[in-house]
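Q: I am new to this structure and would like a close look at a single part of the model. Please take me through one residue carefully, and then through the parts you would turn to next.

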Amino acid sequence: MRALLSPESSSLYFTSINIVSRDPNPCRSRTSLYFLKRDGGCRLIRRKPRSTAVKAVLDSATIEELGLKESDMRNPAISSTYRRSMLPKPNQTVLEAQARICTGPTQTRPLSEEQAFKVLDTILRSVRGELKDEEQVSKAQIGAFFAGMTIRANSFPEETQWSEGERRAMNLFWPLLLRALPPDVIFIADPEGSIMGLGNSVGPQFIGNGTTEMRLVGALREILAGGHLGYEEVQGVLKDVLPLKFEDGKSTGVSESLLSAFLIGQRMNRETDRKLKAYCLAFDDELGPAPVADVSSLTHYGEPYDGNTRFFRSTLFVAAVRSCYGESSLLHGVEWMPPKGGVTEEQMLNFMGANTNLSLHQAKELIEDEEVGFAYISQHEARPSLYSLIGLREHIKKRPPLATTEKVQQFIRAKGKESIVAGFYHEGYEEPLLMLMKRRGVHSGLVVKGEEGALSMTTRLRSASTSKGFPVNYCSGFRSEYHIRVLGSRLMLWTMILNQLIHQELIDRI
């Protein structure tokens, strides 16, 4: 393993690796790794480091000479610089309230009277046009906030329903909001005209504009009452409304308020197996059948798309090392994703000069290439419909069901055996992830409770009280019809060692 990191160099690079294998057939030799560049050429990650280090920071003279704006420069150490600048930012006052109330039946924290007054006043002033730019409360935020309030009133346990302070604030503001809010939001806030107690007739009579919104409104009536939709219902709505189309920063299809209420409402009501399967499989055929790579085995790695902010993200390096002894890997993700907006594999690859805009067929060729053996696919290229939701996902604050299902994608198939490895952190997602893997029909699957829900494991001892549910490094999986449940297999032990070595090396070099 020490061959991975050279103390003689000031930069990380790959060298040859000697591995003792029980396979009588010698594994293929990897002498170098290539990435396709954006201009169509190749960038080579060499076995030997170049004599000059890559300069990560451009001085002001160079920036001016290249005609670049400093605001357009991306700092590889700050993941928020990868957020698309054209995305409108959410109102922070309402976003903080959403973080408290737009969550599960036991995790919700009711607002105090002061907090509720501030939020409702902010929404009222925004819809009246008194707030500008980043102070404005988006339609998506308003939809998510009132969906959270409605679901809490209709179906949550008493301790997470409205507080007395929230009720007093709503009693004061609702007559004013009723005159200012559009019909779709009034429907979300009081779908049956019974929550606010003012005899509102807008909610019960609202049907939406056009057939697509009518179907969405019908689904929302069930969701806002705390109910669950079936597999076909969820898939039908998703395929109707996506991809979102925007003009001048505004959606030209369905109401953003209704769609955000749909997404956050399904999360608040908890995900059922039917719901998760619908989100997972809805867009498998968006670009046609998945390409089939001519390899004996392929491992799909699924990590949280919103990245890491506190711990090392190691899977890209693990995939590169595995390729050196003949094991093919496929990584997938996105450049930047809320709510965490952390470091992702796409950011790291972009910084290294790799092409992260590969088509599925280009990625298939890299997996089959004897000199590469692994590839990365961006959601932007593989699932344009889901990628169109990034801006909306920032404005609903909490993770929608997609945050679970997008980790279990199968963008490329293999002629040989396939495996899926996915990370999780929060209690209750182990079995749903394994269920989705089995639904994919892979030979084996593994879920890992890694740092921040990623696949990076830890060698640090910690008390059981620092982690809810299963301890960090917990693993569970299946292989064919045999189910295994382990705290650390030999493969995971090697991964832990590799993680620690690379992490420590990087720390030592800072």
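A: In this predicted model, Ser-378 counts as buried because its relative accessibility is 1%, where buried means under 20%. Ser-378 lies in strand S8, which covers residues 374-378, and, leaving aside residues up to four places away in sequence, Ser-378 touches Gly-333, Glu-346 and Thr-356.

Burial can also be followed along a whole strand. In strand S11 (residues 444-448), 5 of the 5 residues are buried, so S11 is largely enclosed by the rest of the structure. In a regular strand the side chains alternate between the two faces of the sheet. Here Ser-444, Leu-446 and Val-448 point one way from S11, while Gly-445 and Val-447 point the other way, and all are buried. S11 pairs with strand S10 (residues 417-423) in the parallel sense over 5 bridges, and Gly-423 stands opposite Val-448 in S11.

The crossing of H2 and H3 is left-handed. From H2, the residues Thr-93, Val-94, Ala-97 and Arg-100 meet Gln-115, Lys-118, Val-119, Thr-122 and Ile-123 in H3, and by class this contact of H2 with H3 has 4 nonpolar, 3 polar and 2 charged residues.

Key: Residues are numbered from 1 along each chain as its sequence is written. This is a predicted model: local features need pLDDT of at least 70, side-chain atom pairs count only at pLDDT 80 or more; totals for chains, interfaces and linings use all residues. Side-chain values use heavy atoms; hydrogens and water are left out. Helices (H or I, at least four residues) and strands (E, at least two) are DSSP runs, numbered from the N terminus. Buried means under 20% relative accessible area, exposed over 50%, partly exposed in between (1.4 Å probe, protein chains only). Contact means heavy atoms within 4.5 Å. A crossing is left-handed if the near helix is turned anticlockwise from the far one by less than a right angle, and right-handed if clockwise. Ala, Val, Leu, Ile, Met, Phe, Trp, Tyr, Cys and Pro count as nonpolar, Asp, Glu, Lys and Arg as charged, and the others, Gly among them, as polar. Two strands pair if DSSP finds at least two bridges between them.
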